[in-house]
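Me: Hi! I'd like to talk through this model with you, a bit at a time. Could you have a look?

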Amino acid sequence: MTVDIKPEITLDDLKKIDIRCGTILRVEDIEASKTLVKLTVDLGETEPRTILCGLKEERQNPYEIEGKQALFVVNLKPRKLFGHISHGMLFDIGYEDGITPVLAIPEKQIPNGSRAG
């Protein structure tokens, strides 16, 4: 598969994105949505964050990621969807290429809240 590389960005552009490791504590169905589930994620902060993501059509069992560490974009503007507010984005691999996405995960357990980059 050959896909064009996106236009160049500067290092300053890249530094604007805050990507952190967190543990997925819970996956819950959002019944009103055909695609979204609600993740409760420990990012090393005082309170866990709610992050919505479209796993229902991507995975046969979206609950299988509970307990796993993954990478999250944590400085996106919050969005309200189906009555829930999402405070970030799951950073996965494959969706843009039309393949079943997989989690971007650290090679070993690291502290929640650790920054990528």
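Me: Which residue is the bridge partner of Val41 in strand 3?

Reply: The bridge partner of Val41 is Arg49, in strand 3. A word on the source: this is a predicted model, where local features need pLDDT of at least 70 and side-chain atom pairs count only at pLDDT 80 or more, while totals for chains, interfaces and linings use all residues. Residues are numbered from 1 along each chain as its sequence is written, and side-chain values use heavy atoms, with hydrogens and water left out.

Me: Thanks! How many bridges join strand 2 to strand 3?

Reply: Five bridges, and the two strands run antiparallel. Strands here are DSSP runs of E with at least two residues, helices are runs of H or I with at least four, and both are numbered from the N terminus. Two strands pair if DSSP finds at least two bridges between them.

Me: What about the hairpin they make, which residue takes a positive phi?

Reply: That's Gly44, with a phi near 80 degrees; the hairpin of strand 2 and strand 3 has six residues between the strands. Pro48 is also in the loop between strand 2 (37-42) and strand 3 (49-53).

Me: Let's zoom out. In what order do the strands sit in the sheet?

Reply: Five strands form an open sheet in the order 3-2-1-4-7, with antiparallel pairing. Strand 3 and strand 7 (89-90) stand at the edges with a single partner strand each, so one side of each has no neighbour in the sheet.

Me: Which residue in strand 4 is the bridge partner of Gly22?

Reply: Ala70. Strand 1 and strand 4 (residues 69-73) pair in the antiparallel sense over five bridges.

Me: New topic: how many salt bridges does the structure hold?

Reply: Six. A salt bridge is a side-chain nitrogen of Lys or Arg within 4 Å of a carboxyl oxygen of Asp or Glu. One of them joins Arg59 and Glu64, whose closest N and O atoms are 2.7 Å apart. Arg59 is buried, with a relative accessible area of 16%, whereas Glu64 is partly exposed at 42%.

Me: What is the N to O distance for Asp13 and Lys16?

Reply: 3.9 Å. Lys16 counts as exposed, at 59% relative accessibility, and Asp13 as partly exposed, at 31%.

Me: Last one: which residues form the nonpolar patch on the surface?

Reply: Ile9, Leu11, Leu14 and Ile17, with about 390 Å² of accessible area together. Ile9 comes in the segment before helix 1 (11-15) and counts as exposed, at 54% relative accessibility. Patches are made of residues with over 30% relative accessible area and no salt bridge, joining like charges within 9 Å and nonpolar side chains (Val, Leu, Ile, Met, Phe, Trp, Tyr) within 5 Å. Accessible areas come from the Shrake-Rupley method with a 1.4 Å probe, and for residues only the protein chains shown count as cover.

Technical notes. Buried < 20%, exposed > 50% of the residue type's maximum accessible area, 1.4 Å probe, protein only.
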